[in-house]
2 protein chains.
Amino acid sequence: MLATEKIAYDSNLPVDPRVEALVTELIGRVADKWTLLVLEELEDHGVLRFTELARGVAGISQKMLTQTLRAMERDGLVERTVHPVVPPKVEYRLTPLGHSLGEAFCGVWHWAGENLDRVEAARRTFDERG
Amino acid sequence: MLATEKIAYDSNLPVDPRVEALVTELIGRVADKWTLLVLEELEDHGVLRFTELARGVAGISQKMLTQTLRAMERDGLVERTVHPVVPPKVEYRLTPLGHSLGEAFCGVWHWAGENLDRVEAARRTFDERG
DNA sequence: CCGTATCCGTTGCGATACTG
DNA sequence: CAGTATCGCAACGGATACGG
């Protein structure tokens, strides 16, 4: 579906600076490390509870998980469902918007996987020359 | 060229956790706000001097520009050419690797532009419900 | 189980001043 | 012009303790 739409970024045409600023800010927000990992985890598993996410996303603290999930919920990327039972049960899943973001990042994940070796080689070369 | 390669990220197959950690770290490094903006600026204009970049990337401090360019050079994304003249002349341009990263991010830029309104609407809804 | 609240060290980053 | 060096504040983020 993306391929059928017109992509304006190839041109050098001037873009409304305010819109560009907003887009930049949005990317900054969404390109956060934890956001990316939570996104991937939910892409892979569909529906997850808080504790399952905490275990699935290696190294994340409960504080950052909460914070990340709140921000993603606020941005409309994640849907949060509270089941009124004891003990509490809260489920998280991607919205269509969140899923589309995951697809948009596929190219970047792919690039990173394909070029990790090249980047590491470049780093070694750079570091050796002091 | 990317489309002709096998993409493994669609599957739920287990991935070497160490590789995944490296890929994650690389994305975190490269998805930095200033890196993205410098990348776009060099994509648009080809070759730029330090001061031209400073003016082109709105809001960046000289310190962050230096830092960003050094990191990108270390990662093999940017080539730095020093012309031994007075006053000094230093030119920056993307390497093929840097250019390929720019292409990989096209999907994300596109997503952000297309969905900015939706995200802002989601935020308003979220904030109103307190 | 699913959070919130608080403390506190670490880092990020802008502002400023200086150099070849 | 193209940086480097230093300062100082603010934000990030982990650890811990507590609550519905």
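## Contacts with DNA strand D

In this predicted model, a polar backbone atom of B:Val90 lies 3.4 Å from a phosphate oxygen of DNA strand D. Side chains of chain B also reach the phosphates of this strand. The side chain of B:Arg80 places a polar atom 2.6 Å from a phosphate oxygen of DNA strand D, and for B:Arg49 the corresponding distance to a phosphate oxygen is 2.9 Å. Both chains contribute to the surface near DNA strand D: two or more residues come from each of helix 4 of chain A and, in chain B, helix 3 (50-56), helix 4 and strand 3.

In total, 18 residues surround DNA strand D, and the closest are A:Lys63, B:Thr51, B:Gln62, B:Arg80 and B:Tyr92. By class, the residues of this surface comprise eight nonpolar, five polar and five charged. Sugar or phosphate supplies 57% of the atoms of DNA strand D that lie within 4 Å of the protein, while bases supply the rest.

## Contacts with DNA strand C

DNA strand C is surrounded by 17 residues, of which A:Thr51, A:Arg80, A:Tyr92, B:Ser61 and B:Lys63 are the closest. Of the atoms of DNA strand C within 4 Å of the protein, 57% belong to sugar and phosphate. The surface near DNA strand C is made up of eight nonpolar, five polar and four charged residues. At least two residues of this surface come from each of helix 3 (50-56), helix 4 (62-74) and strand 3 (89-94) of chain A, and likewise from helix 4 (62-74) of chain B.

An N or O atom in the side chain of A:Gln62 is 2.9 Å from a base nitrogen of DNA strand C. Phosphate oxygens of DNA strand C are approached by two arginine side chains: an N or O atom of A:Arg80 is 2.5 Å from one such oxygen, and an N or O atom of A:Arg70 is 3.1 Å from a phosphate oxygen.

## Relation between the protein chains

Chain B contains an open sheet of three strands in the order 1-3-2, with antiparallel pairing. Strand 1 (47-49) and strand 2 (78-83) of chain B each have a single partner strand and stand at the edges, so one side of each is left without a neighbour in the sheet. From one strand to the next, the twist averages 25°.

Six bridges join strand 2 of chain B to strand 3 (residues 89-94) of chain B in the antiparallel sense. Among the paired residues, B:Val78 has B:Leu94 in strand 3 of chain B as its bridge partner. Helix 2 (residues 33-45) of chain B lies across strand 1, strand 2 and strand 3 of chain B.

Technical notes: Residues numbered from 1 in each chain as written. Chains lettered and ligands numbered in written order. Predicted model: local features only at pLDDT ≥ 70, side-chain atom pairs only at ≥ 80, totals over all residues. Heavy atoms only, no water. Pairing = 2+ DSSP bridges. Helix = DSSP H or I, 4+ residues; strand = E, 2+ residues; numbered from the N terminus. Axes fitted to C-alpha atoms, helices over the stretch in contact; angles between N-to-C directions. Contact = heavy atoms within 4.5 Å. Near = heavy atom within 4 Å. Polar contact = N/O pair within 3.5 Å; in protein donor to acceptor, adjacent residues only side chain to side chain. Nonpolar A, V, L, I, M, F, W, Y, C, P; charged D, E, K, R; others polar.
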